[in-house]
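Here is a short report on one protein model. Keep the sequence and the 3D view open while reading.

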Amino acid sequence: MADRLLVVEDSKPIARVISQLAESLGFEVVVATTLAEVEALLQGDTKFFAATVDYALPDAPDGEAIPCVLSHGVQAVVMTGKMDDITRQKILAQAVVDYIPKENSQAFLYLKRILHGQQVNHENGILVVDDSLATRNHIVELLMRRNFTVYVASDGVKALEVIEQHPDIKMVITDLEMPNMDGIELTNELRKRYSRDRMSVIGISGASNGIHSARFIKNGADDFLRKPFCPEEFYCRITQNIESLNNIKQIQRAANTDYLTDLPNRRAFIQVAQTKLPKYAEQGVAYGLAMLDIDYFKKINDNYGHDAGDNVLKMVALYMRKHLPRAMLARLGGEEFAVLMEGVDEDQLFTRLDDLRRELSVAQLPYEDQQISLTISIGAVFNGSGSLASQMNEADQALYNAKENGRNQVVISGQED
């Protein structure tokens, strides 16, 4: 069921724009044009994810709709055409998510960012580190308005323990002056353990000495805030740093993912496998490395077209996920795939690969109004030795033997007979 957004707006064109951008994010939209409509709605129904609230309505010209919405436990983003300092302070004195001036089209783009953030911020863990309970509670309250998952610690030593327990933590907000381990020491320790593309660090301090911001940055922090800080600036810094981390994650995913099948690509497979193989050897974990190839794939492209060939590659990837759910899978390029499977003996390795082969050999893969048949050949190495490259070559040779022996079969290196 879609989250519901209450749009409180008396301008039909603006309400239409907000509704369209909210629907593009998957919201179900309910529009109210007056305070009376809002009160009637919320008395019978408070199951709204959030609300956008126009500051001035025909029957509520001075922001009266804001406390009405908040009193029913609904998060509110205020849209306002009034931008004097008194109005701004009045809005910020209430527990709103944010306020947005209706100055130009950028206002609606910013609103879309805010609403999207409210939907996904729970995926981002933020640790607040401060020995002052009052400061911790204040920062936690601000973060909770934005739906972040929040953790707390009273000093740097406890902060490191909390991070170990909660791998979803992407950001640490740390005070400077703390017992046991201060903010600078904590930042330095965090940078020994976590890179900038894994975790963001924001330093805070109430000291008037401007050198503290530079000390934080030079020790690995990404940003700095001086206490007491304005909620607007706080949210801007938090949002900017979280979005930067998520953008880096998306770029890394794009660089490591095959665009067609959504499997890891050759680069990602080699990178992960090179770290796993030494651990298997050290810990005595049995594993299998396999290379998989679609037989006569060129004929599929020639007979049905390249779009059909692309669809076949996607379908083969789906079958691999179904039969090998705990293995690391990858598309190496063209019609060639790779499998790294741990915790199996040689019979299990063969059986699982052969089950995949057999199901694909009898499947009719649909494409438009056609049914496409195919077979695959697989070469594998069980508990190989040597480098990853040498084991991949060995699996590739087993694959070549499978092709030479008639295709549509699994060959494990050393067991060709």
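## Aromatic pairs

This is a predicted model. Its count of aromatic pairs comes to five. One of them joins F27 and F49. Their rings sit 5.6 Å centre to centre, with 45 degrees between the planes. That pair is tilted.

Where do the two partners sit? F27 lies in the loop between α1 (12-24) and β2 (28-32). F49 lies in the loop between α2 (35-44) and β3 (50-54). The pair therefore ties together parts that are 22 residues apart in sequence. F27 is buried, at 5% relative accessible area. F49 counts as partly exposed, at 22% relative accessibility, because buried means under 20%.

F234 and Y235 make another aromatic pair. Their ring centres are 5.7 Å apart and their planes stand at 65 degrees, so this pair is edge-to-face. F234 is buried, with 0% relative accessibility. Y235 is buried too, with a relative accessible area of 5%.

F234 and Y235 belong to one aromatic cluster together with F229.

R407 lies over the face of Y296. The distance from the ring centre is 4.3 Å.

## Cysteines

How many disulfides does the structure hold? The number is zero. Take C236 as a case. The nearest cysteine sulfur belongs to C230, and it is 8.3 Å away. A disulfide needs the two sulfur atoms within 2.5 Å, and C236 is in no disulfide.

Is C236 buried, exposed or partly exposed? C236 is partly exposed, with a relative accessible area of 45%. C68, by contrast, counts as buried, at 10% relative accessibility.

## The largest pocket

About 460 Å³ of space lies in the largest pocket. Its lining is made up of 20 residues. Those nearest the centre are H116, V120, I242, E243 and N246.

Which elements give two or more residues to the lining? They are α5 (106-120) and α10 (231-256). By class, the lining has nine polar, seven charged and four nonpolar residues.

Methods:
Residues numbered from 1 in each chain as written. Predicted model: local features only at pLDDT ≥ 70, side-chain atom pairs only at ≥ 80, totals over all residues. Heavy atoms only, no water. Phe/Tyr/Trp six-rings, centres within 6.5 Å; stacked < 30°, edge-to-face > 60°. Helix = DSSP H or I, 4+ residues; strand = E, 2+ residues; numbered from the N terminus. Buried < 20%, exposed > 50% of the residue type's maximum accessible area, 1.4 Å probe, protein only. Lys NZ or Arg CZ within 6 Å of the ring centre and 35° of its normal. 1 Å grid on protein atoms, 1.4 Å probe; cavity = no way out; pocket = protein on both sides within 12 Å on 5 of 7 lines; lining within 4 Å. Points joined across faces, edges and corners; volume = space filled by probe spheres on them. Nonpolar A, V, L, I, M, F, W, Y, C, P; charged D, E, K, R; others polar.
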